[in-house]
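Please consider the following note on the aromatic residues and the charges placed over their rings.

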Amino acid sequence: MKSINFLIKPASSLCNLRCRYCFYADEAENRSQASMGLMSDETAELLLQEAYRAVDDDGMVSFAFQGGEPTVIGLDFFRRFTAMAKERKPPRVRLSFSIQTNGTLLDEDWAHFLAGEGYLVGISMDGFPEVHNQNRVDAQGKGSWNRIARSLELLKKHRVMVNALCVVTAACARSPQKAYENLKKLGFEYMQFIACLDPIGEARGGRPWSLRPAAYGQFLCRLFDLWYRDWERGQYRSIRLFDDYVHLLLGDRASTCATCGRCGAYFVVEADGSVYPCDFFALDRWKIGTLGQQPLEDMAQSEAVRRFLAEGKEKPGECGACPWRTLCDGGCKNDWILDEQGPHNYYCEAFRSLFAHSEERFARIAREERQARRQK
């Protein structure tokens with residue numbers, strides 16, 4: 001394999017917060033075993049063995065840590081894992097490390113380590129305190145914004161690479177400018193805005209935080225206007241979704257499978273070594289193997305993976321005549337809802353609104369980027 005991307009759950013679904021909309025807590029409750037505990041060094045070694053056995057001699061391996069809350073396992077685990085990964089890698093193989101965290105457990109030691117090892121840190125901050133503290137609460141029901149803001153200052157002091165992960169809830173969607181401008185004020189150059197999920201098996205739109213398609217469309221259009229304005233002024237900030245659409249217009253690959261509707265971009269490795277094809281489908285029926293029991297290459301060719309990929313290729317009927325299919329291609333299948341006519345993307349209305357609102361400006365950015373590349 002030329003490149004292998006892992007999304008690792010070292011602390012499984014364990015977390016020190018109790019975010020009301022947490023999709024992984026909900027997903028874990030829909031498995032026969034909710035938490036797989038903490039990853040052992042033996043499992044970490046198996047992961048590295050399988051990764052280096054499967055990757056090409058001059059390939060790339062990406063280790064991204066997520067939860068739950070991955071820092072629950074403690075800093076020493078990350079020190080050992082990173083050291084082992086570097087010591088045991090084949091000479092020409094390249095590595096990248098990242099972590100997605102709620103930030104509440106970070107301290108000086110964490111910041112020093114993350115900076116020294118070149119980790120990219122995604123820190124969860126839902127735009128601004130009033131919205132964030134509605135849902136991102138601890139076990140006592142207290143908001144977490146101030147603790148995370150202090151951790152962010154630590155990371156910035158140590159020059160850690162950071163990006164913002166903002167979950168777009170109904171409340172956040174009503175204030176796109178406030179969310180965007182506040183994250184800019186905090187110093188973020190890179191941002192991800194992620195549509196909030198409803199619990200598995202529930203009809204969409206029934207929770208207080210639920211994001212409805214029309215509201216999401218309005219949010220994306222206004223956010224695009226703000227982002228484009230900054231681009232025109234030479235004050236560019238990266239918003240991952242919008243960057244991906246520009247890359248697709250240029251003929252590049254998107255950075256996420258969800259953006260472009262192509263499943264199979266990475267392996268999810270749970271704390272006990274069980275492996276799944278997608279973070280949104282880390283459920284019993286989609287388990288593709290266990291580290292140490294099957295080679296990674298065999299897992300990638302398993303019946304479960306073939307079934308998973310095949311389902312992702314059965315696009316919603318609306319995609320057939322859609323003028324923006326080359327950008328979206330049905331989007332993330334986790335957003336598909338089924339009826340007697342087949343799958344439909346719940347957020348199709350939102351994305352159509354965005355593309356109709358912004359296509360000429362997206363095209364302009366792509367043209368100028370293409371011209372800039374030719375001049376290099």
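Which residues form one aromatic cluster?

1. Phe6, Phe63, Phe65, Phe77, Phe78, Phe81, Phe97, Trp110, Phe113, Tyr119 and Phe267 make up one aromatic cluster. The model is predicted, with local features requiring pLDDT of at least 70 and side-chain atom pairs pLDDT 80 or more, while totals for chains, interfaces and linings use all residues. Residues are numbered from 1 along each chain as its sequence is written, and side-chain values use heavy atoms, leaving out hydrogens and water.

2. Rings of Phe, Tyr and Trp (its six-membered ring) pair if their centres lie within 6.5 Å; planes under 30 degrees apart are stacked, over 60 edge-to-face, and the rest tilted. This rule gives 33 aromatic pairs. Phe6 and Phe63 are a stacked pair, with 5.9 Å between centres and 10° between planes. This pair joins distant parts of the chain, 57 residues apart: Phe6 belongs to strand β1 (residues 3–8) and Phe63 to strand β2 (residues 60–65). Strands here are DSSP runs (E, at least two residues), numbered from the N terminus.

3. Both Phe6 and Phe63 are buried, a term that means under 20% relative accessible area (1.4 Å probe, protein chains only). Phe77 and Phe78 form an edge-to-face pair, 5.6 Å centre to centre with 90° between the planes. Phe77 counts as buried because its relative accessibility is 3%; Phe78 is buried, with a relative accessible area of 0%.

4. A charge sits over a ring if NZ of Lys or CZ of Arg is within 6 Å of the ring centre and within 35 degrees of the ring normal. Lys9 lies over the face of Tyr24, 3.7 Å from the ring centre. Arg361 lies over the face of Tyr228, at 5.4 Å from the ring centre.

Methods
Helices (H or I, at least four residues) and strands (E, at least two) are DSSP runs, numbered from the N terminus. Buried means under 20% relative accessible area, exposed over 50%, partly exposed in between (1.4 Å probe, protein chains only).
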